[in-house]
Amino acid sequence: MVAATVPASATQATSASASASTSASASASAPASAPVRDPVPVVVVDCFGAPQVRPADYLLACGDGNNRLVGLRWDSWGGQTATASGTDMVNDCRPYCAAGRFRAYPVEVTLIAPQAWPERPGTQRYTSIRLVFPEEAPAPLPHDVTYNLVY
């Protein structure tokens, strides 16, 4: 048995009387020196141009900070979509933004349309974000809105 390809718990549970043919087939099917390659990494780029994977928070309003996703819990990541639930904290800007209050809106988030990131060869970035508000949406937004993340 090749110890490098078997988790420690499985090695401990395996009987010392394992046959040589099993050891040979395990060695042939997964050589210890063959690294497991991840698919092309997919990220979401933040306001500062930094790659993020499964961020807990994500700033939507880069210019003034008046809209931020917080408490994101990711159900999936990678491939064509990434999905999360969390809270959209939006400044109501009443009577004006500096005096406004941040209001919390439950939101379902979907990152979509990964494309090659020219600044980081070998990496893809999500290019759109879809927000679905299952309850009240912040005025004047509809309950389902999609934004481009790449301009």
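This is a predicted model: local features need pLDDT of at least 70, side-chain atom pairs count only at pLDDT 80 or more; totals for chains, interfaces and linings use all residues.

Trainee: What cut-off makes a residue buried?

Mentor: Buried means under 20% relative accessible area, so Trp 77 at 17% qualifies.

Trainee: Which ring pairs with the ring of Trp 77?

Mentor: That is the ring of Tyr 126: the two ring centres are 5.5 Å apart and the planes stand at 85°, so the pair is edge-to-face. Trp 77 sits in the loop between β4 and β5, while Tyr 126 belongs to strand β7, and the two are 49 residues apart, so the pair links distant parts of the chain. Tyr 126 is buried as well, with a relative accessible area of 1%.

Trainee: How many aromatic pairs are there?

Mentor: The count is three aromatic pairs. Ring pairs join Trp 74, Trp 77 and Tyr 126 into a cluster. Another pair is formed by Tyr 105 and Phe 133, which are both buried.

Trainee: What is the geometry of the pair between Tyr 105 and Phe 133?

Mentor: That pair is edge-to-face, with 6.5 Å from centre to centre and 80° between the planes. Tyr 105 is in strand β6 and Phe 133 is in the loop between β7 and β8, 28 residues apart, and this pair too links distant parts of the chain.

Trainee: Changing topic: which residues touch the most other members of the largest nonpolar core?

Mentor: They are Leu 69, Trp 74, Val 109, Leu 111 and Leu 131, in a core of 20 residues. At least two core residues come from each of β1, β4, β5, β6 and β7. The most are given by β6, with four. In soluble globular proteins, nonpolar side chains tend to be buried together.

Trainee: What does Leu 131 touch?

Mentor: Leaving aside neighbours within four places in sequence, the contacts of Leu 131 include Leu 60, Leu 69, Val 107 and Val 109. Asp 88, Glu 108, His 143 and Asp 144 are also among them.

Trainee: How many cavities of 30 Å³ or more are there?

Mentor: There is one. The largest cavity holds about 40 Å³ of space. Its lining consists of Val 44, Pro 55, Tyr 58, Leu 69, Leu 72, Trp 74, Val 109, Leu 111 and Ile 129. Two or more of these lining residues come from β4 and also from β6, and β4 has the largest share, three residues.

Trainee: By class, what is the lining of the largest cavity made of?

Mentor: The lining has nine nonpolar residues, no polar and no charged ones.

Trainee: And the second largest pocket, what lines it?

Mentor: Val 90, Asn 91, Asp 92, Arg 94, Arg 103, Tyr 105, Glu 136, Pro 138, Ala 139 and Pro 140 line it. The elements that give two or more residues to this lining are β5 and β6. By class, the lining of the second largest pocket has five nonpolar, one polar and four charged residues. About 160 Å³ of space lies in this pocket.

Trainee: Where are the cis peptide bonds you mentioned in passing last week?

Mentor: One joins Arg 94 and Pro 95, with omega about -5°, and Pro 95 lies in the loop between β5 and β6. Another runs from Ala 139 to Pro 140, with omega near 5°, and Pro 140 is in the loop between β7 and β8.

Terms used. Residues are numbered from 1 along each chain as its sequence is written. Side-chain values use heavy atoms; hydrogens and water are left out. A nonpolar core is a set of buried Ala, Val, Leu, Ile, Met, Phe, Trp, Tyr and Cys residues joined through side-chain atoms within 4.5 Å. Buried means under 20% relative accessible area, exposed over 50%, partly exposed in between (1.4 Å probe, protein chains only). Contact means heavy atoms within 4.5 Å. On a 1 Å grid over the protein atoms alone, a cavity is a set of points where a 1.4 Å probe fits but cannot get out, and a pocket is an open set with protein on both sides within 12 Å along at least five of seven lines; lining residues have an atom within 4 Å of a point. Grid points are joined across faces, edges and corners, and a volume is the space filled by probe spheres set on the points. Ala, Val, Leu, Ile, Met, Phe, Trp, Tyr, Cys and Pro count as nonpolar, Asp, Glu, Lys and Arg as charged, and the others, Gly among them, as polar. Rings of Phe, Tyr and Trp (its six-membered ring) pair if their centres lie within 6.5 Å; planes under 30 degrees apart count as stacked, over 60 as edge-to-face and the rest as tilted.
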